[in-house]
Amino acid sequence: MSGSRSTVVGRPREFDIDEALERAMRVFWEQGYEGSSLTDLTGAMGITKTSMYAAFGNKEQLFRKALERYTEGPASYTARALREPTARGAAEAFLRGAVRATTLAGPPGCLVVQGALASGAGNRTPHDLLADWRRTSGLHLEERFRRAADEGDLPPGTDPRRLARYVVTLGFGIAVQAADGVGHDELQALVDTSLRHWPL
């Protein structure tokens with residue numbers, strides 16, 4: 001993977017910042033924020049704690065950067081789904097993207113779900129950051145469905161907020177199922193079932 005390189009004073013060996021961030025993202029993805037120790041992170045990144053602080057800041061700042069990378073990479077299906085020409089297409093792209101991201105792109109499950117597990121009172125910022133990420137996904141889908149309703153792409157009386165909440169809940173439920181070991185094909189079949197009843 002190509003990327004910028006950084007040399008930290010006192011450490012002659014250079015390291016690839018992009019590669020180190022990719023590895024940190026996967027640690028958070030697999031172990032959650034609280035479950036990822038600095039030793040876990042620096043070990044996976046192949047750097048010292050001093051180098052990590054110099055390049056990325058503290059653990060919370062590193063997590064923010066990892067979440068940005070996740071949003072632009074494995075979770076980019078969310079933004080693509082919003083560009084689908086129909087509401088049903090947007091829902092399907094979101095759900096099938098969730099299946100691919102949680103079963104094929106990395107560790108089973110979703111960083112945004114896994115990252116929030118077991119967050120203690122001392123880690124409110126990461127918890128709130130992830131809650132906001134999930135809430136924002138729902139709002140974007142709601143806006144997309146509201147436009148679809150205005151354009152006549154959804155039946156009269158359809159509630160865009162309820163529909164968006166349903167799709168987001170199913171998407172994050174897929175992530176939990178994937179983390180529990182449910183496979184790609186079975187989760188795709190779940191999406192098929194949900195779309196048979198479109199719209200709710």
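These legends describe close-up views of a predicted model. Local features need pLDDT of at least 70, side-chain atom pairs count only at pLDDT 80 or more, and totals for chains, interfaces and linings use all residues. Residues are numbered from 1 along each chain as its sequence is written, and side-chain values use heavy atoms, with hydrogens and water left out.

**View 1. Overall fold of the chain.** The chain has 10 helices and 2 strands (DSSP runs: helices are H or I, at least four residues; strands are E, at least two; numbered from the N terminus). Along the sequence the order is β-β-α-α-α-α-α-α-α-α-α-α. Contacts are heavy atoms within 4.5 Å. Among those between residues at least 6 apart in sequence, 64% join residues at least 24 apart.

**View 2. The largest nonpolar core.** This core holds 54 residues (buried Ala, Val, Leu, Ile, Met, Phe, Trp, Tyr and Cys joined through side-chain atoms within 4.5 Å). Met45, Phe56, Leu62, Leu111 and Phe145 touch the most other members. Helix α9 (residues 160–179) gives the most, with 9 residues. Domain 1 (17–69) and domain 2 (73–197) each supply at least three residues; their bounds come from an automatic or database domain assignment. Beyond four places in sequence, Phe145 touches Ala87, Ala90, Ala91, Leu154, Pro160, Leu163, Ala164, Val167 and Trp198.

**View 3. Surroundings of Trp29.** Trp29 sits in helix α1. Trp29 counts as buried because its relative accessibility is 0%. Its contacts, leaving out residues up to four places away, include Tyr70, Pro74, Ala101, Gly109 and Leu111. The C-alpha atoms of Trp29 and Tyr70 are 9.0 Å apart, although 41 residues separate the two along the chain. A polar side-chain atom of Trp29 lies 3.3 Å from the backbone oxygen of Pro107.

**View 4. Ser36 in the loop between α1 and α2.** Ser36 lies between α1 (17–35) and α2 (38–45). Ser36 counts as buried because its relative accessibility is 0%. Its side chain reaches the backbone oxygen of Gly32 at 2.6 Å. Beyond four places in sequence, Ser36 is in contact with Val27, Phe28, Gln31, Leu41 and Lys59.

How values were computed. Buried means under 20% relative accessible area, exposed over 50%, partly exposed in between (1.4 Å probe, protein chains only). A polar contact is a pair of N or O atoms within 3.5 Å; within protein, one must be able to donate a hydrogen and the other to accept it, and residues adjacent in sequence count only if both atoms are side-chain atoms.
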